[in-house]
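Please keep the sequence and the 3D view at hand while reading.

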Amino acid sequence: SYYGEYAGSITIPASFTYNSGIYRVISIDSWAFYNCDGLTSVDVGNNVTSIGERAFDGCDGLTSVIIGNSVVSIGVEAFYDCDVLASVTIGNNVASIGSNAFAGCKDLTSIIIPSSVISIREGAFSDCKGLTSVTIGDNVTSIGAKAFYNCIGLKSVTIPNSVVSISDSVFE
């Protein structure tokens, strides 16, 4: 996109038509919606399998994200510094949450990480100062360094028995 071009609420479609051809949407590329401050909510369609690096980085007006069940990976800094992001629903097929994926989302208050997730990378939710509760799914085996660093409002964390590795400064 052009810098800040999109505004309002968007739904990523399963397909689109261009020059008489029908094309499936299977990924959101890196930097696709970078700094789209007018973007308020995103519903990631059910054909999308990956959200690229910094895809929604700096979308300061983004308040709500629904990540569909077909998404397998959330890229590095995908929603980095989305200050007012308050509601995130993560689909049931996400296997990994990239480094700093939701870092700096200060208005995020709770997160449920589904059982499909195997690893939470370093800094994934760092500086989410409004975060009060985290529920981690039953298949997560590792939590990366500083995953919940500086989450000063955190009061409740549910960690399943599947977690075998908690890195440095996870809850610092």
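A pocket is defined on a 1 Å grid over the protein atoms alone as an open set of points where a 1.4 Å probe fits, with protein on both sides within 12 Å along at least five of seven lines, and its lining residues have an atom within 4 Å of a point. The model is predicted, so local features need pLDDT of at least 70 and side-chain atom pairs count only at pLDDT 80 or more, while totals for chains, interfaces and linings use all residues. Residues are numbered from 1 along each chain as its sequence is written, and side-chain values use heavy atoms, with hydrogens and water left out.

**The largest pocket**

- The lining of the largest pocket consists of 13 residues, and Tyr6, Ile12, Pro13, Val25 and Phe33 lie nearest its centre.
- The space in this pocket is about 290 Å³, where a volume is the space filled by probe spheres set on the grid points, which are joined across faces, edges and corners.
- At least two lining residues come from each of β1 (8-11) and β4 (27-28); strands are DSSP runs of E with at least two residues, numbered from the N terminus.
- Nine of the lining residues are nonpolar, three are polar and one is charged. Here Ala, Val, Leu, Ile, Met, Phe, Trp, Tyr, Cys and Pro count as nonpolar, Asp, Glu, Lys and Arg as charged, and the others, Gly among them, as polar.

**Strand pairing**

- β1 and β5 are paired in parallel through four bridges; two strands pair if DSSP finds at least two bridges between them.
- β5 is also joined to β7 by four bridges, and these two strands run parallel.
- Ser41 in β5 stands opposite Ser9, and the bridge partner of Ser41 in β7 is Ser64.

**The largest nonpolar core**

- A nonpolar core is a set of buried (under 20% relative accessible area, 1.4 Å probe, protein chains only) Ala, Val, Leu, Ile, Met, Phe, Trp, Tyr and Cys residues joined through side-chain atoms within 4.5 Å.
- The largest such core has 49 residues, and Phe56, Ile74, Phe79, Ile97, Phe102, Ile113 and Phe125 have the most contacts inside it.
- Two or more residues of this core are given by each of β5 (39-44), β7 (64-67), β11 (110-113) and β13 (133-136).
- β5 provides the largest share, three residues.
- Beyond its neighbours within four places in sequence, Ile74 is in contact (heavy atoms within 4.5 Å) with residues including Ile51, Ile67, Phe79, Ile97 and Phe102.

Key
Buried means under 20% relative accessible area, exposed over 50%, partly exposed in between (1.4 Å probe, protein chains only).
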